[in-house]
Amino acid sequence: MTSSLDARVVVRRDGFDLDAALAVAPGETIAVMGPSGAGKSTLLGALAGLVPLDDGRIAVGGRELSTPARTVPPARRRVVLLSQDPHLFPHLSALDNVAFGPRARGVPRSVARARAQDWLDRLGVGAAASRRPDALSGGQRQRVALARAIVTEPDVLLLDEPSTSLDPLTAQDVRAAIASLPATTTVLATHHVADAVALAARLCVLEAGHIVQLAATADVLAAPATAFSAALAGEAGWLRDNRAPGPR
């Protein structure tokens, strides 16, 4: 069962204020884009419980997770943050990396490993289950990290630049893997408009710590409100115009 996300995130630092409100429906994916330094990673860090709030409130499925006075620890939030560095355990196989979360929650080893293998198979890396991270390609590592994130059945999935360190073909592969996941309430921070177009129902444009545009992805790209949004629209148009013809 998926959960809604309702958040107003206010974080004040020297020379920078983030003040952003998001309401994400159960199972919806929303992309957050903005120039470097706009506050995307700070926003995800607050949603994950890694950055305390100076004001505002974060709730998932009606359960309050953060206020300025109280923060539920990351391990108890049922919110998973997947960064561009997969942070896989180097001494564990792909299978044991994915099984780690269920095992930590008391799931029997055989059951946890069966679930892990199932997710590795679904994401196309089942044959690499016995390999350690240093024997995997960048795309394979990212798929293993996706499997590790989703096997715990999080209420909210946070993706921080999932395709940034990948070559274009591998990035396309990883987008397809993300799109194949079960409907999960997801916030995707990215620099790549292809991520937003492929994965997100809505696009939030964040500039200097404030939301300047938030609407259906196609609507933002069709009617950009700022120069940054216009640059995104131009990139999206180039991608559309230069897409290889599909099968007939």
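Modeller: Happy to; below we take salt bridges, then helices, then charges over rings.

Colleague: Before we start, what kind of model is this, and which pLDDT do side-chain atom pairs need?

Modeller: Residues are numbered from 1 along each chain as its sequence is written, and side-chain values use heavy atoms, with hydrogens and water left out. This is a predicted model, in which totals for chains, interfaces and linings use all residues, local features need pLDDT of at least 70, and side-chain atom pairs count only at pLDDT 80 or more.

Colleague: Thanks! How many salt bridges does a search of the whole structure find?

Modeller: Side chains of opposite charge can pair when their charged atoms come close. The criterion here is a side-chain nitrogen of Lys or Arg within 4 Å of a carboxyl oxygen of Asp or Glu. Searching the whole structure with it gives nine.

Colleague: How far apart are the closest N and O atoms of Arg8 and Asp55, and how many residues separate the two?

Modeller: Helices (H or I, at least four residues) and strands (E, at least two) are DSSP runs, numbered from the N terminus. Arg8 and Asp55 form a salt bridge whose closest N and O atoms are 3.9 Å apart. The pair links distant parts of the chain, with Arg8 in strand S1 (residues 5-13), Asp55 in strand S4 (residues 55-60), and a separation of 47 residues.

Colleague: Is Arg143, the salt-bridge partner of Asp173, buried or exposed?

Modeller: Asp173 in helix H5 (residues 168-179) and Arg143 in helix H4 are 30 residues apart, and their closest N and O atoms are 3.2 Å apart. Buried means under 20% relative accessible area, exposed over 50% and partly exposed in between (1.4 Å probe, protein chains only). Asp173 has 41% relative accessibility, so that residue counts as partly exposed. Arg143 has a relative accessible area of 13%, so the label there is buried.

Colleague: Which helices do the buried residues of H2 pack against?

Modeller: Contact means heavy atoms within 4.5 Å. H2 spans residues 94-104, and among its buried residues are Ala94, Leu95 and Val98. They pack against helix H3 (109-122) and helix H4 (138-150).

Colleague: Lastly, over which ring does the charged end of Arg122 sit, and how far from its centre?

Modeller: A charge sits over a ring if NZ of Lys or CZ of Arg is within 6 Å of the ring centre and within 35 degrees of the ring normal. One case is Arg148, over the face of Phe89 at 5.6 Å from the ring centre. For Arg122, the ring is that of Trp119, and the distance from its centre is 4.1 Å.
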